[in-house]
Amino acid sequence: MTRNESQGSRKRLEMEHEPKPETKGAQESEAAPNYVIRVVDDPATIDAEQWNALLDSQPSAMPFMRHEYLLAVHRSGSASFDAGWQAQFITVTEGGALIAACPLYLKSHSYGEYVFDWAWADAYQRHGLPYYPKLLDAVPFTPVPGPRLLAHDVDGRRLLLRAMQQLAADRKLSSAHVLFLDEADQQAAQAEGWMMRSTVQFHWTNREPRAYTDFADFLASLQRDKRKKIQQERRRVADAGVHFTELEGSAITLADWDFFYRCYQQTYFEHRSTPYLTRDFFERMANTMPSNWLLFVATRNGDRIAASLVGIDPSSRVAFGRYWGAVAHLPCLHFEACYYRPVAWCIANGYQRFEGGAQGEHKMARGLLPVQTWSAHWLAHPQFAQAVADFLEREGAGVATYIDELNERRPFKAAD
């Protein structure tokens with residue numbers, strides 16, 4: 001896709017809707033629908049208050065779908081046209097009020113998604129067909145399950161999916177995808193006949209009905225070998241003279257953010273890669289969403305050596321492991337900064353869940369259990385769609401078996 005071609009597709013699409021079969025109103029009626037669907041290439045033109053109000057009405061609202069977050073990703077250059085993320089947000093308004101919306105992108109690659117379709121792209125290429133650009137409804141670089149189709153009911157969510165299909169058909173695109181969608185979105189996607197794909201993450205969940213009193217209480221619930229291993233790992237970090245500071249919200253200073261970003265960059269450099277998120281993105285987070293961030297800073301001999309950034313949602317009492325890095329390497333430091341400290345903080349602050357991020361079976365030994373996550377996919381080419389459907393059926397059976405096997409190895413002691 002050339003820049004000129006992409007710029008040509010950046011034109012806003014605005015339609016006063018007629019009751020066509022593929023774009024019929026959210027509810028069947030004899031009257032023609034009076035909503036307006038727009039495709040918007042700049043999130044800043046969408047009313048932030050209305051977007052956030054729509055998000056807050058969702059059953060699984062989370063901070064990474066807030067207008068401030070998505071705008072920061074866009075304006076910071078992290079998910080920009082030049083980075084291969086062309087914003088094509090869909091909004092549905094009725095009488096000037098936002099009734100449905102989703103963060104949609106025209107993608108020229110599959111980086112930063114955490115649901116891997118490289119094999120699909122390769123198959124298209126081998127058959128002389130273009131897979132890119134494709135449509136993607138996702139929060140860039142953020143594999144956190146939650147709402148992706150913001151609407152008041154299943155009909156509104158289905159309307160957004162049909163709008164994606166129409167947009168893909170109008171622009172002769174290969175496919176459309178919705179990543180890490182919640183249960184309400186899953187139901188809408190299945191009703192529209194989209195193909196479902198599952199992956200596995202690992203989340204820590206507080207005990208119910210009697211929450212853990214402290215980290216020692218949590219350790220006591222684990223099998224002896226798991227408990228002993230965690231105690232040994234934590235002791236190695238403490239014996240190395242490492243101390244941690246917890247910084248929450250506005251207590252995170254500019255210097256703290258600078259040090260964190262240095263660590264974040266280092267992680268990518270060591271993997272011979274480039275960070276997805278720019279320093280400007282985190283500057284915007286500090287200015288617009290400070291209450292949604294928690295920073296753990298590791299210090300040894302007076303020098304800062306590592307940092308772990310955790311997203312927090314005080315309203316739902318959920319924390320999200322996001323980014324980490326170190327400028328000095330010590331055994332077990334990663335486990336302490338990214339799992340043990342966040343879980344201890346969650347227990348102390350009455351949080352219900354800590355999501356450990358994408359993949360990572362090693363998290364199970366540290367008390368994080370497997371959770372199935374979902375994505376939805378629509379392919380325009382009938383033969384490829386059938387081939388992918390067959391593949392997903394086989395893959396899904398394998399994922400289900402994998403989760404069953406993991407659950408047989410749960411790290412917790414048997415219930416009394």
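Predicted model: local features only at pLDDT ≥ 70, side-chain atom pairs only at ≥ 80, totals over all residues.
1. A residue counts as buried when its relative accessible area is under 20%, as exposed when it is over 50%, and as partly exposed in between.

2. Y268 belongs to helix α9. Its relative accessibility is 15%, so Y268 counts as buried. Although Y268 and G325 are 57 residues apart along the chain, their C-alpha atoms are separated by 8.7 Å.

3. The largest pocket has a volume of about 870 Å³. Its lining comprises 28 residues, and those closest to the pocket centre are Y114, T267, Y268, R322 and Y323. Two or more lining residues come from each of α9 (254–270), β13 (303–313), β14 (318–326), α11 (333–348) and β15 (353–358).

4. By residue class, the lining of the largest pocket holds 16 nonpolar residues, ten polar and two charged.

5. On the surface, Y111, F116 and W118 make up a nonpolar patch, and together they have about 330 Å² of accessible area. F116 sits in the loop that runs between β6 (104–107) and α4 (118–126).

6. Is F116 buried, exposed or partly exposed? With a relative accessible area of 43%, F116 is partly exposed, because that class covers values between 20% and 50%.

Definitions and conventions:
Residues numbered from 1 in each chain as written. Heavy atoms only, no water. Patch = residues over 30% accessible without salt bridge, like charges linked within 9 Å, V, L, I, M, F, W, Y side chains within 5 Å. Areas by Shrake-Rupley, 256 points an atom, 1.4 Å probe, with all protein chains shown as cover. Salt bridge = Lys/Arg side-chain N within 4 Å of Asp/Glu carboxyl O. Helix = DSSP H or I, 4+ residues; strand = E, 2+ residues; numbered from the N terminus. Buried < 20%, exposed > 50% of the residue type's maximum accessible area, 1.4 Å probe, protein only. 1 Å grid on protein atoms, 1.4 Å probe; cavity = no way out; pocket = protein on both sides within 12 Å on 5 of 7 lines; lining within 4 Å. Points joined across faces, edges and corners; volume = space filled by probe spheres on them. Nonpolar A, V, L, I, M, F, W, Y, C, P; charged D, E, K, R; others polar.
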